[in-house]
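Colleague: Could we go through this model together? I would like to begin with the overall fold and then turn to single residues.

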Amino acid sequence: MAAFEIAADYAARRKQFGHAIGSYQLVQSRLANMLSELTAMQLLCDRMAELADRGQLSNAQASMVKMATAQKGKWICNEARDLLAGNGLLLENHIIRHMTDMEVVSTYEGTDFIQALLVGRDITGISAFN
């Protein structure tokens, strides 16, 4: 969410060719797609919390949500970094820090690959860990 908010703010403030870059169609499209993915992530997490509160959340469901949200989170950070161009690499803009944080999130408690194997085992009933 922070990476998206930084990118949206930057798009409104950064001027190029006499206009805020947020006035360009490609930038608006990127921001809209980032917000769409962010909203989907939030809805997945809300639903997962509801199921967990009811004691109905399976390990495979948790793995699927972790896998999907980590992938989308990394993608949002990458889009934000790209939108800020070289400024996205500067520590003062925080995007690169968020990208690093998302790399950590996608690794702990199992990488996307491991989460996919857990979900795949639930789908097929066959463990690929052997």
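Modeller: Helices and strands here are DSSP runs, numbered from the N terminus. With that in mind, please note that the model is a predicted one. Along the sequence, the elements of the protein chain come in the order α-β-β-α-α-α-α.

Colleague: How many helices and strands is that?

Modeller: The protein chain has five helices and two strands.

Colleague: Why is the chain said to be more spread out than a compact globule?

Modeller: Its radius of gyration is 18 Å, whereas the globule rule gives 14 Å for 130 residues; the chain is well over that value and therefore more spread out than a compact globule. The C-alpha trace spans about 60 × 30 × 20 Å along the principal axes.

Colleague: What share of the residues is buried?

Modeller: Of the 130 residues in the protein chain, 30% are buried.

Colleague: Let us turn to α2. Which of its residues are buried?

Modeller: The buried residues of α2 are Val27, Leu31, Met34, Leu38, Met41 and Leu51. Their cover includes α1 (2-13) and α3.

Colleague: What span should α2 have, given its number of residues?

Modeller: Helix α2 covers residues 25-53, and at 1.5 Å a residue its 29 residues should span 42 Å. Its end C-alpha atoms are 42 Å apart, so the two values agree.

Colleague: Which residue with a positive phi follows α2?

Modeller: That is glycine 55, with a phi near 70°.

Colleague: What about the span of α3?

Modeller: The 25 residues of α3 should span 36 Å at 1.5 Å a residue, and the end C-alpha atoms are 36 Å apart, which agrees.

Colleague: Now some residues within α3. Is glutamate 79 buried or exposed?

Modeller: Glutamate 79, which lies in helix α3, has a relative accessible area of 12% and is therefore buried, since buried means under 20%. Leaving aside neighbours within four places in sequence, glutamate 79 is in contact with Arg30 and Met34. Met34 is also one of the buried residues of α2.

Colleague: And which residues does lysine 72 contact?

Modeller: Lysine 72 also lies in helix α3. With neighbours within four places in sequence left aside, lysine 72 is in contact with Glu37, Ala40 and Met41. Its relative accessible area is 22%, so lysine 72 counts as partly exposed.

Colleague: How far is lysine 72 from methionine 102?

Modeller: Their C-alpha atoms are separated by 9.6 Å, and the two residues are 30 apart along the chain. On contacts in general, among those between residues at least 6 apart in sequence, 63% join residues at least 24 apart.

Colleague: What separates leucine 89 from isoleucine 114?

Modeller: These residues are 25 apart along the chain, and their C-alpha atoms are separated by 30 Å.

How values were computed:
Residues numbered from 1 in each chain as written. Predicted model: local features only at pLDDT ≥ 70, side-chain atom pairs only at ≥ 80, totals over all residues. Heavy atoms only, no water. Helix = DSSP H or I, 4+ residues; strand = E, 2+ residues; numbered from the N terminus. Rg over C-alpha atoms; globule rule 2.2 N^0.38 Å. Buried < 20%, exposed > 50% of the residue type's maximum accessible area, 1.4 Å probe, protein only. Contact = heavy atoms within 4.5 Å. Expected span 1.5 Å × (residues − 1).
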